Amino acid sequence: MTSGATALRAVHAPSRGRSLALALMRLRTLIALILVCAYFSLTTPNFLALPTLVIVAKHVAINAILGIGMTFVILTAGIDLSVGSIVGVAGMVAGGLISTGLHITFLGLTIYPNAIETMLIALAVGTAIGLINGLLVTRLNVAPFIATLGTLYVARGAALLISNGRTFPNLVGNPAYDNTGFPILGSGTLLGIPLSICAMAIFAGIAAYVAARTKFGRQVYAVGGNERAAALSGVRVNRIKTVVYMISGFCAAFAGLIVASELVASHPAAGETFELNAIAAAVLGGTSLAGGRGSIFGTLVGAFVIGVLGDGLVMLGVSSFWQMVIKGLVIIAAVVLDQIQQRMHRRFALQAQLLLA
Amino acid sequence: MSPAIADPDVILKAEQVSKTFPGTIALNNVDFAVRRAAVNVLVGENGAGKSTLMKIIAGVEQPTAGRLALDGRPVVFHSIRDAMRQGIGIVFQELNLCPNLSVAENLSLADPPVRFGIDIDREQQLGRARELLARMEHPIDPTSLVSDLRIGEQQIVEIAKALAADVRILIMDEPSSALSAAEVEILFRIIADLKRQGVAIIYISHRLEEILRIGDVVTVLRDGRVQARANVKDIDVGWLIAEMVGPIEVAPPVQANAAGEEVLAIDNLVLPRAAGGLTLDHVTLSFRRGEIVGIYGLLGAGRSELFECLMGRYRRMSGTVRLMGRNLAGLSIAERIERGLVLVPEDRQRDGIVPGLSVLSNLTLASLGRFLRLFAIDRKKERRAVDEIIDTLSIKVSSPDVEVAALSGGNQQKVVIGRSLLTGPQAILCDEPTRGIDVGAKAEVFRTLRRLADDGLAVVFTTSDLKEVMGAADRILVMSHGRITGDFRRAEASEALVVEASTARSRDGTRSTSGATA
């Protein structure tokens, strides 16, 4: 072992520059975030003022929560295109329950669940759509891209059908039905911090813990890294895959509730193309679409880069057309850098191992 | 070795060729001369370097050191197309056909006939295919899809494809392994025909009697070096085996382990093959504590399928599997692992390691339940177990957090074995545990298996390496065509007996089916 240790030291001594380069590469998204913030704070007055930051963080919260669910799916080498539609459906379910209640035709009854129950029902609907995605992928062997593309359309159609395409406005509830309080999620605060930002922090904390420290998390990485090896090691691959789509559906539904609550209205088109933002956040954060590699923290940082960039460019008065171009270039640059980092990492690891042998 | 004297009989010469891969030396200063109008046989055990040498000659791989000379002039092949242009054709061991295309399309894949440089001339393409297939004396419809053909027929198409270009040197890597007896006769006629036309043939085969029948000169490779050369007329099967295998040097145990109680019992296992016939043909076996059982067989004998059946990977199988007296029917892989049965799969890259994860995560993947404290993995406990297993198996790694992909083949294999050991198994199944790892690592793998057997596990491994099975197993089973064709105690077994049993024909008269393990 002693010879191994000296060999290791020999590897490390001349490669301090290299490991620094590698560390910089690994933290590139965070560095990018800091650079973007620094740039906007210099060019935009009040960018670093608390009210601005809170607004930016509120915008980021939605993408971050979607991205967290998406990260689990992508880690298993899957993809979930239906999250934007689930945002719409969840909002519409909540809006419908508050505005018109739940009709039970054969009893001739209309039930108005309270705000908490309403949210739980909407979350259950989102999770159920995730379950359908999971079953399509695992039991019926539909490619994740196709399965979730299908549910994207079905769920969006369902969102439109709930109200016949109309918006449910003014979701304040009716004290007579005891279903008030829904807007609190969007406008309330905890210790001065908006609830949506708190929710993002809680989601990120739990998800990071689950991904890094639990058996389920480890198995998610294994399924994405090598499904056959995972199966032969006794991992219940189908169960893992089904659960990640349910997590994604749950996260999307929660994001949908935030959107509806902030607007105090639910619109059936809410959440369109949100799936792309979620994927972009995950990819920016270093999650590999091939599966098995990525982290919740990375996704969170990725969501912030997209959010800060978007809001900062608006404040700078850059046209929305240019904003899209810039956003696209940032995503491509992130993936290119990721590839370079992978190659560097592999080469260094191989060299270290050769010296050891 | 005398340097390249312009021998008019030699068309291609490989001089001092070496090839290294991360962690292994596949070829070590190999000299190889290919004679015109002759069948140049290359033999050696798995991992001896035959396929690597052929890939270098065919331009698929570039040598790390050494050179090639064609007609006395030095040549460098940058790609397989390069080699093709010089008249070198190759029939690979694994089939290289596009199953979604027709036979005719496959035969002119590289340069299909075109009309006015734009679209493919189907008539001419079909005509060309018919001509080639007629030469193969085989009634294959050139319009049929390759995926609809039997494996043997696909092999014929593969050979026809190599002949489509005008070849001066034709490399055949185990061309007969998938053919029926009648098809082998056709193959031999084609070879004789090519020889008359002056084509140099390089022929690789494990079937020693075949080599004696059609070979002219033979080169034996062992562990990446040339072991011996001879004219085929001067040698016999005994000579070939002795040169290929070498002295048996894997140390026998101090005392042969007394086999303990029965751990794993298999009764009448049958696995039908999709294309008809049986992959496993009524296999009945019993494995005991403290015993190392080696299963020897050629490619496609059904060894991997046997193990996968035991792990519950196939639903179509019939028969019973009992572990410690309990029937495993209907249990998932996870449940079988829990009850103490584990598999170290054959294809380490495809089924074994999870390349992106660390050595630590790879090691504990199958036994995460052991380390749980409520919901979370107890990282200290996990780390302790991992350090211990790295130490026991002497896995060479700077830290358990290194990605497993950075390790050498032998160390990756130890990680996969370590993963199974952490589950606390009763019986361990190792499918070709020494495939693609170097000689030193091989010996260490077998030392590990011996220790496990001494600790009271039932150990079963498969191999295509005669020396390994003779040297490392307490009991030797031979499989051929899904049947157990030999069952010897080590003391009773001889190389000749084992080799003979491994080439026993199946009940329907065909030879082995290489597609089964592909």
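This is a predicted model: local features need pLDDT of at least 70, side-chain atom pairs count only at pLDDT 80 or more; totals for chains, interfaces and linings use all residues.
Let me start with two helices of chain B, helix 4 (residues 122-135) and helix 5 (residues 151-164), whose axes come within 10 Å and cross at roughly 115 degrees. Axes here are lines fitted to C-alpha atoms, for helices over the stretch in contact, and angles run from 0 to 180 degrees between N-to-C directions; helices (H or I, at least four residues) and strands (E, at least two) are DSSP runs numbered from the N terminus.

Residues are numbered from 1 along each chain as its sequence is written, and chains are lettered from A and ligands numbered from 1 in the order in which they are written.

Which residues make the contact between helix 4 and helix 5 of chain B? Helix 4 of chain B brings Leu132(B), Leu133(B) and Arg135(B), and helix 5 of chain B brings Ala160(B), Leu163(B) and Ala164(B), where contact requires C-beta atoms, placed from the backbone, to lie within 7 Å.

Turning to the strands, an open sheet of chain B is formed by four of them in the order 14-13-16-17, with antiparallel pairing; two strands pair if DSSP finds at least two bridges between them. Strand 14 (278-288) and strand 17 (326-327) of chain B are the edge strands, each pairing on one side only. Inside this sheet, strand 13 (residues 262-272) and strand 16 (residues 318-323) of chain B run antiparallel and are joined by five bridges, and Asp267(B) has Thr320(B) in strand 16 of chain B as its bridge partner. Helix 9 (residues 303-310) of chain B packs on the sheet, where it touches strand 13, strand 14 and strand 16 of chain B, and its direction makes about 65 degrees with that of strand 14 of chain B.

Elsewhere in chain B, strand 11 (residues 217-222) and strand 12 (residues 225-231) pair in the antiparallel sense over six bridges, with Val217(B) opposite Asn231(B). In their hairpin, which has two residues between the strands, Asp223(B) takes a positive phi near 50 degrees.

Finally, the contact between the chains takes 32 residues from chain B and 25 residues from chain A.

Methods
Two residues are in contact if their C-beta atoms, placed from the backbone, lie within 7 Å.
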